[in-house]
Amino acid sequence: GKTLAQVAQGGGGCPIPGNTQGQAGVSSECFGLVLASLAAWYMGYLLAVHVPQNTVSLAALQDIGKKPVLRAPAPKRHKCDHWSPCSPGNFAYRILSGGAKQRSAKICFEDELLISEENGNTGSGINIAVVDCKNVLCVPGITRRVIDSTDHSGEMMDFIKSAPEGTLLLMATYDDGSTKLKNDVKKLVEELGSKEIKNIKFRSSWVFIGAKGFKLPDNIQKEKINHSDNKKNRYNGWPAEIQIEGCIPRNLI
C-alpha cells in the first residue's frame, strides 16, 4: 500500500514535513485551507457557547424556507361600530330595532350606548332617546324613555312634546310598538320627519331619527321599516331586525 506521504502528495493535498517536492506551488493553497478550517471551527465554537440550546428548535429549522404567512391587521373599531369613521365635525349614530324577543333594541350616539339590554333600559314597545343639540354641542343621553305598547299613546305624546327645541329623537321598536299607537301621536312623529310611522303594523320592526326645531340633511339615513311576513320572517311571527346609521353635522342649529 501507499504511505501517508504518498497519499498526501498523490491526492493533491498539502506536503508533509520533509517533503519539499511541489511545496512552493501549493503553499498558498494550504495556508488558505488551514485558515478557512480554523475560521469555521472558531465560528462553530462561538455559536455553541453563546446560543442557548433551546433557542433553535426543530420546528424553527423546519420553518426555514417556508413562504411567510401574511395576516391582515385587525380592523380598527369606529364610533357606534360604523364600518368607516365619520369625518371631523360630525356625530355618529346607529339605531337597531329589536328582533322578536331574543334581540333587544339598541340606540348609540357618538359611541355612547343610550339604550340597550346591557344598560337595562330597553323594553317592549317604542324605545326613545333624546339628545340635546342646542349650542351646537349635542349631548347624548339627556333623556331616554321606553314607551311600552301596553301604555296609552298619550304618554308618548307628552314625552315628545316635553322634549325641548333643538333636540334629536332616536326611536326603535322592540317586540311590538303599534298596538296602542294612536293617530294623533303618529301625526306628531310625522312632524319630526317620519314617513313610515303611519304604516307601522303589528310587530313591524321600525327605526327612526328625527329633529325637533331644525332639519336633518337629506342624504343621511333617517328611517327604515320591516313588516311581519309569514313567508320571510326570521323569528317565526317576527320579521328580522333592522338598523340605520350615519353621521350628523355638528352645525345644524
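About 250 Å³ of space lies in the largest pocket of this predicted model. A pocket here is an open set of points on a 1 Å grid over the protein atoms alone, with protein on both sides within 12 Å along at least five of seven lines, and a lining residue has an atom within 4 Å of a point. Grid points are joined across faces, edges and corners, and the volume is the space filled by probe spheres set on them. The lining of the largest pocket includes Leu192, Gly193, Lys195, Ile209, Phe214, Asp218 and Glu223. By class, that lining has five nonpolar, two polar and five charged residues. Ala, Val, Leu, Ile, Met, Phe, Trp, Tyr, Cys and Pro count as nonpolar, Asp, Glu, Lys and Arg as charged, and the others, Gly among them, as polar.

The second largest pocket holds about 220 Å³ of space. It is lined by 14 residues, of which Leu96, Arg103, Ser104, Lys106 and Glu241 are the closest to its centre. Two residues of this lining are nonpolar, six are polar and six are charged.

Two helices can be followed next. Helices are DSSP runs (H or I, at least four residues), numbered from the N terminus. The axes of helix α4 (residues 153–162) and helix α5 (residues 183–191) come within 9 Å and cross at roughly 25 degrees. Because angles under 35 degrees count as roughly parallel, α4 is roughly parallel to α5. Each axis is a line fitted to C-alpha atoms over the stretch in contact, and angles run from 0 to 180 degrees between N-to-C directions. The crossing of α4 and α5 is left-handed, that is, the near helix is turned anticlockwise from the far one by less than a right angle.

In the contact (heavy atoms within 4.5 Å), Ser153, Met156, Met157, Ile160 and Lys161 of α4 meet Asp184, Val185, Leu188 and Val189 of α5. These residues divide into six nonpolar, one polar and two charged.

Residues are numbered from 1 along each chain as its sequence is written. In this predicted model local features need pLDDT of at least 70, side-chain atom pairs count only at pLDDT 80 or more, and totals for chains, interfaces and linings use all residues, while side-chain values use heavy atoms, with hydrogens and water left out.

Conventions
1 Å grid on protein atoms, 1.4 Å probe; cavity = no way out; pocket = protein on both sides within 12 Å on 5 of 7 lines; lining within 4 Å. Parallel < 35°, antiparallel > 145°, perpendicular 65-115°, else oblique.
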